[in-house]
Structure formats: C-alpha cells, structure tokens
Amino acid sequence: MRPTAKFSISFGLVTIPVAAYNATDSSTSVSFVRIHTADGGRVRNQPVCSLEGVEITPDEIGRGYRPGDGDTVVPLSDADLDALPLPTAKTLTILAFVAGGDIDPLQMGKGYYLGIDSPAAAKPYVLLREAMERHQRVGLGKIALHGRETLAMIRPMAGALVMQVLLWPHQIRPMDGVLPERPVEVHANEVEAAETLMDSYGELSEDDVHDHYREALEEIVAAKLAHREPHFDTGQEQPAGQVRDLMAALQDSVRAARRSRGEDEDAEPARGAAGSGRGTKKSAARKTAAKKTAEGKAAAGKSPAKKTAAAKKTSGRGGRRAG
C-alpha cells in the first residue's frame with residue numbers, strides 16, 4: 001500500500017513518526033455512471049469557468065474560500081495553506097485518553113492504518129500500543145489532513161495502531177422531529193419477549209457479510225450482455241405489512257429463528273418470557289401439582305408401624321407428641 005499522509009504522533013515528550021494508509025477500499029462498492037437515456041452516451045462533469053464559459057484543464061484548477069454567504073471568493077495557494085500556524089499540520093498531539101465507549105459512533109469517519117515511518121519509531125510505537133491495550137484507553141487528538149483540521153482517535157488493533165477520523169461535535173445534528181410525538185408505553189413482558197428474540201439470534205455467518213446486492217447487479221449486467229434473462233437464487237421472502245399484534249410477531253420471530261437453525265420451534269424460550277406469561281404460569285402449576293401428587297403418594301406409602309415408630313421417636317426426643 002502507498003501512504004496517503006505522513007506525520008508524527010506526539011505522546012508527551014515522545015515523538016513517533018508514522019505513515020497513514022487507507023484502511024478501507026471504496027473501489028469495491030457499487031457505483032453507477034450517468035448516461036443519456038436516449039442513446040446511452042456518457043454524461044460527464046466538465047470543469048467550466050463560470051466567467052469565461054470555457055472548459056479548463058486540471059492544472060488550472062486551484063482552491064478558493066468563500067467567506068460568509070456572499071459571492072466573493074478568495075483564492076488560496078498551497079503556500080498559503082502551508083503557512084498556517086497549525087501545530088496539527090504535521091503532528092497529531094494526543095490531548096486525552098478515554099474509554100472507547102465514550103466516543104459517539106455517529107462521530108466516527110474514515111479509518112487509517114498507522115505504520116512506522118522510520119526504524120527509530122518502532123519502540124515508541126509499540127510502547128504506545130501496549131500502554132493503550134493494558135490501560136484499555138484510546139487516544140484523542142487533532143490532525144490536519146487533506147487541507148482541513150479534524151479530530152482523530154487512535155486505538156490499538158491486531159498489533160497495530162489505527163486512526164479513526166472523528167466529526168466535530170457541532171457536525172452531529174440534533175434529533176428534532178426524530179422521536180415519537182406521543183409517549184409510548186412498553187410492557188415488561190414485551191421487553192422480555194424482545195430479549196428472548198435477541199437471544200435466539202445466532203452468530204454472524206460468512207453469508208451474512210456477503211455483498212449480495214453487488215452479486216445480483218453483476219448477474220443483471222451479464223444477462224443483458226448475453227441477451228438472456230437473469231438467474232437468481234430464490235431466497236426467503238421477508239414478511240411485509242403493518243404489525244398489528246406485537247406479541248404474536250415476537251413469538252413468530254423466535255420460532256422462525258429457531259427453525260432456521262434446525263431447533264425445536266416449540267421449545268421453552270431461554271428466558272421463559274416469549275409469551276404473555278401464561279406458559280410460565282401453566283408450567284409452574286404443573287410442577288406444583290406433580291409435587292403434591294408425589295407427596296401424597298409418599299405419605300400413602302408409609303405403614304402404620306412406621307408412623308407409630310416415628311411418633312415415638314419424636315416424642316422420646318423432645319417430650320412432645322408428634323402432630
């Protein structure tokens with residue numbers, strides 16, 4: 001891999017030169033090109049100057065910054081950006097170490113693998129990694145990447161250091177209009193039924209993390225090129241429509257999950273709460289009745305001689321009459 005950036009991690013008075021490598025590959029994702037529907041010709045984005053109305057080459061394209069909401073644009077060169085008095089331009093200074101769970105997942109952006117940029121960086125690199133693993137903390141700092149400053153999180157992973165770009169807190173939108181307008185009451189047995197359904201889920205399989213959409217799209221393209229109908233594997237159709245009985249839907253979901261794993265659909269749920277509580281009460285009633293029957297049989301099986309002996313024994317011990 002070719003590094004996308006080089007900088008140093010500042011850990012107190014320790015400096016670690018590192019190189020950042022893209023941890024994700026966006027080229028494998030499904031992408032489309034725009035075409036003219038009349039003849040199939042490609043529709044391209046041509047860089048055109050708004051003042052002259054002519055197409056320009058990439059060498060003529062520079063950066064500009066528009067202050068406020070006006071139409072004024074101030075041109076900025078690479079020399080202007082390099083002259084910015086930002087310590088984060090070449091150094092990621094760790095500002096704090098926090099628990100990984102304290103980071104809002106909404107803030108997480110692109111990830112980078114961090115590798116050493118010189119042999120001398122190997123020991124402080126491993127030192128920082130081992131310290132974060134033992135301390136169970138991640139490092140937070142700021143770094144300027146690709147012409148802009150951003151928050152960043154450093155964490156150990158599989159023997160390496162990984163940097164995750166974070167959004168600024170003001171970039172997270174408020175949840176206005178997202179929550180239900182009216183309070184919703186959820187009963188305890190419904191929550192327990194949902195937990196039972198969660199317990200019925202199995203582990204992720206290789207098929208679960210496979211990009212079926214891309215595979216199906218490639219089949220459609222291949223069928224069009226071969227002038228044939230596309231062939232798809234018939235999968236299980238997902239139920240649609242509005243859920244009218246939440247408890248019944250939860251119960252059916254538990255049975256379906258067990259059926260998909262070849263288990264007994266009607267087995268008692270692990271939490272004993274997939275139903276409204278009636279199954280649990282019936283089971284308890286059956287156990288109580290069985291216990292009483294067993295006690296009755298045991299009492300009936302005792303002979304009068306045994307009863308008398310037991311009574312005498314008890315009377316002899318405490319001077320009291322049994323019963």
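Predicted model: local features only at pLDDT ≥ 70, side-chain atom pairs only at ≥ 80, totals over all residues.
Residues are numbered from 1 along each chain as its sequence is written, and side-chain values use heavy atoms, with hydrogens and water left out.

Let's start in strand S1, which covers residues 5–11 (helices, H or I with at least four residues, and strands, E with at least two, are DSSP runs numbered from the N terminus). Ser8 sits in this strand, and Ser8 counts as buried because its relative accessibility is 16% (buried is under 20% relative accessible area, exposed over 50%, partly exposed in between, with a 1.4 Å probe and protein chains only). The C-alpha atoms of Ser8 and Ile116 are 9.5 Å apart, though 108 residues separate the two along the chain.

A search of the whole structure turns up one aromatic pair (ring centres of Phe, Tyr or Trp, the last by its six-membered ring, within 6.5 Å; planes under 30 degrees apart are stacked, over 60 edge-to-face, the rest tilted). The partners are Phe11 and Phe97, edge-to-face at 5.8 Å centre to centre with 75° between the planes. Phe11 belongs to strand S1 and Phe97 to strand S5 (residues 91–98), so the pair links parts of the chain 86 residues apart. Phe11 is partly exposed at 25%, and Phe97 is partly exposed at 34%.

Next come the salt bridges, five in the structure (a side-chain nitrogen of Lys or Arg within 4 Å of a carboxyl oxygen of Asp or Glu). One of them joins Asp78 and Arg63, with the closest N and O atoms 2.6 Å apart. Asp78 is exposed at 51% relative accessible area, while Arg63 is partly exposed at 47%. Asp252 and Arg255 also form a salt bridge, at 2.5 Å; both lie in helix H5 (residues 246–260), three residues apart, about one turn of the helix. In the bridge between Arg129 and Glu130, the N to O distance is 2.8 Å. Arg129 is buried at 14%, and Glu130 is partly exposed at 32%.

Finally, look at the loop between helix H3 (188–200) and helix H4 (212–225), where Glu206 lies. Glu206 counts as exposed because its relative accessibility is 72%.
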